[in-house]
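Dear colleague,

I am handing over the structure below, and I would be grateful if you looked through it alongside the notes that follow.

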Amino acid sequence: MQVFDAIRTMLAVREYQDRPIPDGVVARILEAARLTGSARNRQGWDFVVVRDRATLRQLGALASTGKYIADAPLAIAVVVPENTTGYMDGSRAAQDMMLAAWAEGVGSNVVTSGNTPEIKELLGVPRERMILMLIPFGYPAGKVGAGRKNRKRLDEIAHAERFGQPFGG
Ligand SMILES: Cc1cc2nc3c(=O)[nH]c(=O)nc-3n(C[C@H](O)[C@H](O)[C@H](O)COP(=O)(O)O)c2cc1C
């Protein structure tokens with residue numbers, strides 16, 4: 001899949017088939033994170049890979065905006081230092097993982113309610129670090145609407161040279 005096609009078609013996937021993700025695909029998702037550029041190339045991130053069914057169920061029970069993690073075959077916790085660089089680096093790695101997964105037919109979504117003491121304890125994340133997001137992954141249970149997205153028009157968000165000047169293309 002071409003990069004732009006992956007961006008064009010990827011949507012949030014919250015329902016998953018009861019089907020494991022092959023180890024090779026998991027490895028590729030993590031490799032996408034590892035290869036992502038970070039501020040000053042510090043790579044101050046960690047990724048906790050969860051495939052244990054009981055742990056996934058617990059994550060679903062604990063993450064207030066990600067109950068559906070309980071039914072995913074895989075979730076990856078993106079762990080960063082709690083600062084702007086951490087947020088930016090972690091978000092870039094997350095998007096690369098999600099696009100790499102999508103190119104393999106694997107859907108995912110961002111869950112941002114993972115930085116609780118209970119979830120940090122469950123995953124053994126050090127107190128001083130932050131779970132920036134939990135990303136459940138899985139083969140989509142339903143048909144994902146090929147590229148139909150509810151987004152603002154480009155002329156609402158793109159500006160030519162100066163803010164407020166319409167971008168004509
Ligand atoms: C920063 C951020 C936080 C998000 N947090 C959650 C979340 O906690 N739970 C959830 O189900 N979706 C979450 N999402 C997913 C968004 O709801 C989703 O990307 C958006 O609605 C667009 O969905 P679509 O690509 O399917 O159109 C989050 C997305 C982002 C970028």
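**Helix α3 and its surroundings**

In helix α3, which spans residues 53-62, the buried residues include Thr55, Leu56, Leu59 and Gly60; buried here means under 20% relative accessible area, exposed means over 50%, and partly exposed lies in between, with a 1.4 Å probe and protein chains only. Seen down the axis of α3, these buried residues fall within an arc of 145°, so they line one face of the helix, the arc being that of the directions from the helix axis to the C-beta atoms. They pack against β1 (46-50), β2 (74-81), α5 (117-123) and β4 (129-138), where contact means heavy atoms within 4.5 Å. Helices (H or I, at least four residues) and strands (E, at least two) are DSSP runs, numbered from the N terminus.

Please bear in mind that this is a predicted model, in which local features need pLDDT of at least 70 and side-chain atom pairs count only at pLDDT 80 or more, while totals for chains, interfaces and linings use all residues. Residues are numbered from 1 along each chain as its sequence is written, and side-chain values use heavy atoms, with hydrogens and water left out.

**The sheet**

Four strands form an open sheet in the order β1-β2-β4-β3, with antiparallel pairing; two strands pair if DSSP finds at least two bridges between them. β1 and β3 (107-108) stand at the edges with a single partner strand each, so one side of each is left without a neighbour in the sheet. β2 and β4 pair in the antiparallel sense over eight bridges, with Val80 opposite Met130 in β4 and Ile76 opposite Ile135 in β4. β1 and β2 also run antiparallel and are joined by five bridges, and Asp46 has Val79 in β2 as its bridge partner. β2 is mostly covered, since seven of its eight residues are buried.

Helix α4 (residues 84-103) lies across β1, β2, β3 and β4, and runs at about 10° to β4; the axes are lines fitted to C-alpha atoms, for helices over the stretch in contact, and angles run from 0 to 180 degrees between N-to-C directions.

In helix α2 (residues 23-35), the buried residues are Val25, Val26, Ile29, Ala32 and Ala33. Seen down the axis of α2, they fall within an arc of 115°, so they line one face of the helix. The face turned away from this buried side carries the exposed residues Asp23, Gly24, Arg28 and Leu35, whereas the cover over the buried residues of α2 includes β1, β2, α4 and β4.

**The nonpolar core**

The largest nonpolar core has 44 residues, and those with the most contacts inside it are Leu123, Leu134 and Phe137; such a core is a set of buried Ala, Val, Leu, Ile, Met, Phe, Trp, Tyr and Cys residues joined through side-chain atoms within 4.5 Å. The elements that give two or more residues to this core are α2, α3, β2, α4, α5 and β4. Not counting residues up to four places away in sequence, Leu134 touches several residues, among them Leu59, Ile76, Val110, Ile119 and Leu123.

With kind regards
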